[in-house]
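Hi,

Here is the model I said I would pass on.

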Amino acid sequence: MRRLLFFVLLIWVNPLWAAHGYALWGDLKYPAGFAHFDYVNPDAPKGGELRLVSNLRVSTFDKYNPFTIKGSAPAYLSDLMFDTLLTGSLDETGSGYGLLAQDVSVPADGLSATFKLRKEARFHNGDPVLAQDVKFSYDALMGPYTSPGYKTLLADVAGLDVLDATTVRYRFKKPNRELPLTVGGLPVFSHVWGMENGRAKRFDEIVTDIPIGSGPYKIGPVRFGKDITYVRDPHYWAKDLNVRRGTANFDRITVKIYKDGTARLEALKAGEFDLMRFFSAGDWARRVNGKRFDTGELVKREYVHHLPTGFQSYVLNTRRDLFKDVRVRQALGLTLDFEWMNRQLFYNAYQRVNGLFGNTDCEASGLPSEQELALLDPWRGQVPGAVFGPMTVPPSTAPPSSLRANLRQAQALLKAAGWDYHDGALRNAQGRAFDFEYLDSNESSARVVTPWARNLEKLGITLRFRPVDFALYQQRLQKFDFDVTSLAYGGTNNPGQEYADLFGSKAADQEDSGNMSGIKNPAVDALISQMTAAKTKAQLLPACRALDRVIAHSHVLIPQWSAGTHRMVFNNWRLDQPPSMPPYAQGEGWAIDTWWARPASPKLP
């Protein structure tokens, strides 16, 4: 879904659009016929190997179909093996350029988007990429065996027409600024993928059948449970295309699997792989060292980016009776002492998250504008009253504030919600003790959760840490069988229909949807519709800022933290890179796409 969500960015604003790409507000950075993206080395040598560690929290993989619900696919498979009609650039937001499609056109009514395929486009088996393959891919993704996130994201797509062998037209139920790029970002795979003895398998029966995609890499040697190697297709059809020049430079990309973070770190120090992105501030500050760092073979570097902060949060499952009262949810947020954690656990490496749209124009602040109030006023009584006041500010313990003052405020909120301390615990009128479970697949998370649990204990609340293996964790999340968990949501500069999957009422009742909090509010649904219907940025901003306020004041998410850099260690003797990282690159994805192997590697002394 990473690539798909990247394309949820665009809008129809001109009376007619027909071009080599598509832009959110009608302004593409790169003109027709451009040579290559500015941030690549167009003359980067091809060859060598990039050795990576899996970025997934799984101990192995059991399928090659990344689109079905059940099972786990290898890391990076979708991005490396499946091309899309359009592809984005990493130095601008809200744009996409022709990859499988040579052009895209949208009529004046904004009710369709037509893509003309490149005649030279080929799948790995040599077959041409045709309109019937685009339709097959769309139909499969909209079928019953894929993540419901696709159905939500494509809810306003009426269908797909095959106009001729190399032309498709997506029809839309209503004008929607994002849909041309949403559909342009869908993966395309061959209609013969999964064929067996002349019979097409049901899509969920396509499990270990080798994917037939058109991307720059194919599956090479595999050791289940240990590693997978992707090999560059020397006959890749788009290797000289402007949007692909300077990319896919490694002959082989091997992804190794380690069962825990300690094993990954020690393997990096031992030289078993070449690149690793760090998410642990403790590891980054204290444990990224050793002989290979001293010799200069391994380099530790932070890359500043301009990505949205996202909204990494503790998610409260409001399907549970315990969390249905907004006062209870707000009280739990008051017990989290971020300032202490940042000092004592994170080496002051993070900034506090607030709201959905940090570091973007959609971020709400201060009092609502007149335009925001016009969108919010119809929902008085159905959204928290605080929505009409100042935007939330995360609780702080920095002087003159204090944890003690925050706990007293939390205690008052809980009392107002019917919770009092007696018989050794905080209890409601029915005598039920206030206790809940924090679910995670990483046992090391206990280090971060324990300080929060200690603060909750001061109010008579018990938080139980429950680590489970990833398969069970994934299953329980899919079925919404949890009290609280921690999720890192990616941000976007141009929010749209994907927020219906994250916060829409329909998604709240849809198993395996992205609505983990279970929030169901008609105001939220209406504001998401306002965002997706916006035809100008001036219409978008009040809608997304109003949504930001409603979600924040609903306190279904307890905001955590973010960093403004990608922390990465790489093997400087084996890898080379462009002089600077584009502002909207996603860490290791940038390295996979644009770095290259050094022609010769020095040896350790």
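Strands β7 (residues 112-117) and β9 (residues 167-172) run antiparallel and are joined by 5 bridges. Strands here are DSSP runs of E at least two residues long, helices are runs of H or I of at least four, and both are numbered from the N terminus. Two strands count as paired if DSSP finds at least two bridges between them. Within this pair, Lys116 stands opposite Thr167 in β9. Strand β9 also pairs with strand β8 (residues 157-164), in the antiparallel sense and over 6 bridges. There, Asp164 is the residue opposite Thr167. A hairpin of 2 residues takes the chain from β8 to β9.

Before going further, a word on what this is. It is a predicted model, so local features need pLDDT of at least 70 and side-chain atom pairs count only at pLDDT 80 or more, while totals for chains, interfaces and linings use all residues. Residues are numbered from 1 along each chain as its sequence is written, and side-chain values use heavy atoms, with hydrogens and water left out.

Now the whole chain. The protein chain has 19 helices and 28 strands. Its radius of gyration is 25 Å, close to the 25 Å that the globule rule gives for 605 residues, so the chain is as compact as a globular protein of that length. (The radius is taken over C-alpha atoms, and the rule is 2.2 Å times the number of residues to the power 0.38.) Along its principal axes, the C-alpha trace spans about 75 × 65 × 45 Å.

Buried residues make up 57% of the 605; buried means under 20% relative accessible area, exposed means over 50%, and partly exposed is in between, with a 1.4 Å probe and protein chains only. The chain exposes about 24,800 Å², and carbon and sulfur atoms supply 50% of that (Shrake-Rupley method, 1.4 Å probe; for residues, only the protein chains shown count as cover). Of the contacts between residues at least 6 apart in sequence, 72% join residues at least 24 apart, where contact means heavy atoms within 4.5 Å.

On charge, the mean positions of the 71 positive and 64 negative charges are 3 Å apart. Lys and Arg count as positive and Asp and Glu as negative, with His and the chain ends not counted. Each charge is placed at NZ of Lys, CZ of Arg, CG of Asp or CD of Glu.

Back to strands. An open sheet of 3 strands has the order β2-β5-β4, with antiparallel pairing. Its edge strands are β2 (21-23) and β4 (86-87), each pairing on one side only. Strand β5 (residues 95-98) pairs with β4 over 2 bridges, and Thr87 stands opposite Tyr97 in β5.

Which way do β3 and β14 run, parallel or antiparallel? They pair in the parallel sense, over 5 bridges, and Glu49 has Arg252 in β14 as its bridge partner. Of the 5 residues of β3, 4 are buried, so β3 is largely enclosed by the rest of the structure.

Tyr76, in the loop between β3 (49-53) and α2 (77-81), has phi near 75°, a positive value in a residue other than glycine. Tyr76 counts as buried, at 13% relative accessibility. Ala248 also has a positive phi, near 50°, and is found in the loop between β13 (227-232) and β14 (252-256). Ala248 is buried, with a relative accessible area of 11%.

Thr247 is found in that loop between β13 and β14 too, and is buried with a relative accessible area of 11%. Leaving out residues up to four places away in sequence, Thr247 touches Val40, Lys46, Asp593 and Thr594.

There is a cis peptide bond to look at as well: the one from Pro399 to Pro400, with omega near 10°. Pro400 lies in the loop between α11 (370-376) and α12 (403-416).

Last one: Leu502, in helix α15 (residues 498-503). Leu502 counts as buried, at 16% relative accessibility. Setting aside residues up to four places away in sequence, Leu502 touches Phe311, Tyr489, Gly514, Asn515 and Met516. Leu502 and Ser517 are 15 residues apart in sequence and 8.4 Å apart in space, C-alpha to C-alpha.

Cheers
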